[in-house]
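Trainee: I would like to learn how to read strand pairing and crossovers in a model such as this one. Could we go through the features one after another?

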Amino acid sequence: MSAPFRVAIIGAGPSGFYAAAQLLAVDDPVFAVDLFDRLPTPYGLVRAGVAPDHPKIKSVTRAYDKTASHERFRFFGHVELGTDITRQELLERYHAVIYAIGTATDRRLGIPGEDLQGSHAATEFVAWYNGHPDHSGLEIDLQARQAVVIGAGNVAIDVARMLALGPEELAVTDTADHAIEVLNASGIEEITILARRGPLQAAFTNPELLEMGELTRADLEVVNGDLDELSQAALCDADKTRTRNVEISQDYAGRDRSHPPRPITVRFHYLASPVELLADERGHVRAVKIERNEIVERDGRLAAPGTSELSEIPAQLVFRSIGYTGLPVAGIPFDEARGLIRNQGGRVLDDSGERCVGEYVTGWIKRGPSGVIGTNKKDSHDTVAKLLEDAAAGRLNAPAGGDMEGLLRDRAEHLVEWDGWQAIDAAETAAGRASDPDRPRVKLADWEQLRQASRGIAGPAGRT
Ligand SMILES: Cc1cc2nc3c(=O)[nH]c(=O)nc-3n(C[C@H](O)[C@H](O)[C@H](O)COP(=O)(O)OP(=O)(O)OC[C@H]3O[C@@H](n4cnc5c(N)ncnc54)[C@H](O)[C@@H]3O)c2cc1C
Ligand SMILES: NC(=O)c1ccc[n+]([C@@H]2O[C@H](COP(=O)([O-])OP(=O)(O)OC[C@H]3O[C@@H](n4cnc5c(N)ncnc54)[C@H](OP(=O)(O)O)[C@@H]3O)[C@@H](O)[C@H]2O)c1
């Protein structure tokens, strides 16, 4: 058998793991995979994005662990492309490189007051409560009465739900300890989810929207939830998810509120765009100025332009949850307008549209920040198919350099391999059990703690 083709995959999130599994399953030709991540921990947004009260979803990592046990697989954690290693160094050592680095930052609203104190990107808040070591120091003051979450997607739902969970609900999750402490002391009584279009156009999925109706500490309200005539007419052609979203929204609007009021009200406010965040005398957000929108038909599609009708929603906290976007990495062709690595069907293209031999892309940084975990399986399959096609045609990269491991041992001072991650995992899960028999783990949320745990030194103290 000839020597395997060596492939570097950058990013150990779902798309990186699916690409690895698919390559390792090929018998002829044979591939060896090195999976890199800038974090000492694998799994991407499954660890740092998926809500802590959704442990079942996180069990997808068992499939990734199986991939990691393959004899031709190596994990190089705590190694950042663009900082610890360069694109050129990868191309000198691998027949192919697949970028699977996700889309790490937030899209901007572009309205005045966006960066006032008390206004946070959902990307950061999510990373904070999930113990991402870059964001564990984020200062979030939940001593506010009213919060507005801007955006009508599943991340907005996650943010609103996390704000509404009670101490006993959080105690059995892997929410980072620093976040549990702050969330438990929260003074929030009203959470408004602000959607610029109507219930038919919201990007929620049904289970996530339904879960809001099961919150034990929150009553639900709906503003502007009645369907306009155009949306009503469009309902018969709408897909099942959207139709069901409308039904759920109508159910929420018509709910009996005769029971004693719950401590929190979650309000779905449709058909309104934020136009400005207003400050108090300390420069802290005090309200969101909104413009009422209306559904109109434009070029054969439904649009939601503003009506010039303005009003204010008092809010001392704002979470901007209007989607993620990618960040460029030195030397790798980047499509600024779309926030993606420039590519055609997963093959990386340079700025003049020519193919970059041996370079591929998958996941959110290939197609944009949408889709659930499983969507990335198909996406990686498509990219790997292109790579296999190029391998068969003799069009992969021809590396002249040696093995990456030597360079990493010299260069990446804190390299964490799979056994290092397993040591972190063992420390976290032991601390979880010590904190509460039902708690899956206590996350290490600090870079130095993670490094130490990867070497088997100490573990988190665990909450008592
Ligand atoms: C808040 C949130 C909650 C979600 N909840 C769910 C859910 O409940 N169910 C569901 O099915 N889907 C959910 N999703 C969607 C799902 O997480 C994504 O579809 C999926 O994670 C995208 O996979 P990816 O591999 O492309 O990117 P990511 O998961 O973002 O992985 C990218 C990886 O690349 C690494 N990386 C980045 N830059 C570099 C670099 N320069 N060098 C080395 N490594 C690098 C990152 O550290 C990261 O580990 C959620 C998404 C978000 C944002
Ligand atoms: N439990 C789960 O399965 C789960 C949990 C979290 C995330 N995810 C997935 O992860 C992906 C990303 O989720 P996401 O919520 O970040 O993104 P998303 O689904 O794309 O939703 C973004 C929302 O922001 C709105 N928006 C965009 N620009 C805006 C602006 N300028 N002003 C006001 N609103 C604006 C969008 O409205 P328009 O539609 O009008 O553009 C949309 O409602 C999705 O595929 C999601 O399903 C899944």
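Mentor: Let us begin with handedness: a crossover is called right-handed if, with the strands pointing away from the viewer, the path from the first strand over the helix to the second runs clockwise. In this predicted model, strand β1 (residues 5-10), helix α1 (residues 14-24) and strand β2 (residues 31-37) form a β-α-β unit that is right-handed.

Trainee: In which sense do β1 and β2 pair, and over how many bridges?

Mentor: Their pairing is parallel and extends over 6 bridges, and within it F5 lies opposite F31 of β2. β1 also runs parallel to strand β4 (residues 96-99), to which it is joined by 4 bridges, and there I10 has Y99 as its bridge partner.

Trainee: What is the strand order in the open sheet of 6 strands?

Mentor: The order is β6-β16-β7-β8-β10-β9, and the pairing is parallel. β6 (119-121) and β9 (218-223) are the edge strands, and because each has a single partner strand, one side of each is left without a neighbour in the sheet. On average, neighbouring strands of this sheet are turned by 20° against each other, direction ignored.

Trainee: Which helix packs on this sheet, and which strands does it touch?

Mentor: Helix α6 (residues 122-129) does so, touching β6 and β16, and its direction makes about 75° with that of β6.

Note on methods:
Residues are numbered from 1 along each chain as its sequence is written. Chains are lettered from A and ligands numbered from 1 in the order in which they are written. This is a predicted model: local features need pLDDT of at least 70, side-chain atom pairs count only at pLDDT 80 or more; totals for chains, interfaces and linings use all residues. Side-chain values use heavy atoms; hydrogens and water are left out. Two strands pair if DSSP finds at least two bridges between them. Helices (H or I, at least four residues) and strands (E, at least two) are DSSP runs, numbered from the N terminus. Axes are lines fitted to C-alpha atoms, for helices over the stretch in contact, and angles run from 0 to 180 degrees between N-to-C directions. Contact means heavy atoms within 4.5 Å.
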